[in-house]
Amino acid sequence: IYVCKDLLEEKAQLAIYDPKVSQQQIFADLGQEQTLPDGRVNTAVTVVDDPYEAAKDAHAVAILTEWDEFRDLDYKRIYDNMPKPAFLFDGRNITDLAKLREIGFVAKGIGKP
């Protein structure tokens, strides 16, 4: 939540996938409205039901939860659908950074070289 809030303050656009948290809860946790006061859809935050959709056309992927599902994603598929350079930040150290780098990611883990 804190990372996403900081990114929003920096004017980032977020596509969020979390298999365990509802769309309504994500917006509430971020202090965001799905619909802006003028009736427009909030384009700063998009919540999606598919991890590959969340990563499509993203400049960076941030893994901020430890759900096992994130260990087994097709990271080559994700990489292929991102602009380059493609960045991946693993905030839970659940991925194999060496394999991600072999794919082509600029990959970083918390507390890892």
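**Close-up 1. E66 and its salt-bridge partner R92.** At 37% relative accessibility, E66 counts as partly exposed, a class that lies between buried (under 20% relative accessible area) and exposed (over 50%), as judged with a 1.4 Å probe on protein chains only. The side chain of E66 meets that of R92 in a salt bridge, with 3.4 Å from N to O; the term requires a side-chain nitrogen of Lys or Arg within 4 Å of a carboxyl oxygen of Asp or Glu. This pair links distant parts of the chain, 26 residues apart, since E66 sits in the loop between strand 3 and helix 4 and R92 in the loop between strand 4 and helix 5 (97–103). Helices (H or I, at least four residues) and strands (E, at least two) are DSSP runs, numbered from the N terminus. R92 is also partly exposed, with a relative accessible area of 44%. The model shown is predicted, so local features need pLDDT of at least 70 and side-chain atom pairs count only at pLDDT 80 or more, whereas totals for chains, interfaces and linings use all residues. Residues are numbered from 1 along each chain as its sequence is written, and side-chain values use heavy atoms, with hydrogens and water left out.

**Close-up 2. Two further salt bridges.** The structure holds four salt bridges, and one of them joins D38 to R40, whose closest N and O atoms are 2.6 Å apart. Both D38 and R40 are exposed. In another, the side chains of R71 and D68 meet at 3.2 Å, N to O; here R71 is partly exposed at 44%, while D68, at 54%, counts as exposed.

**Close-up 3. Strand 3 and its neighbour.** Strand 3 runs parallel to strand 4 (residues 87–90), and four bridges join them, where DSSP must find at least two bridges for two strands to pair. I63 stands opposite D90 in strand 4.

**Close-up 4. The largest pocket.** A pocket is an open set of points on a 1 Å grid over the protein atoms alone, where a 1.4 Å probe fits and protein lies on both sides within 12 Å along at least five of seven lines; lining residues have an atom within 4 Å of a point. The largest pocket is lined by 39 residues, and C4, A15, I16, A62 and L64 lie nearest its centre. Strand 3 gives the largest share of this lining, four residues.
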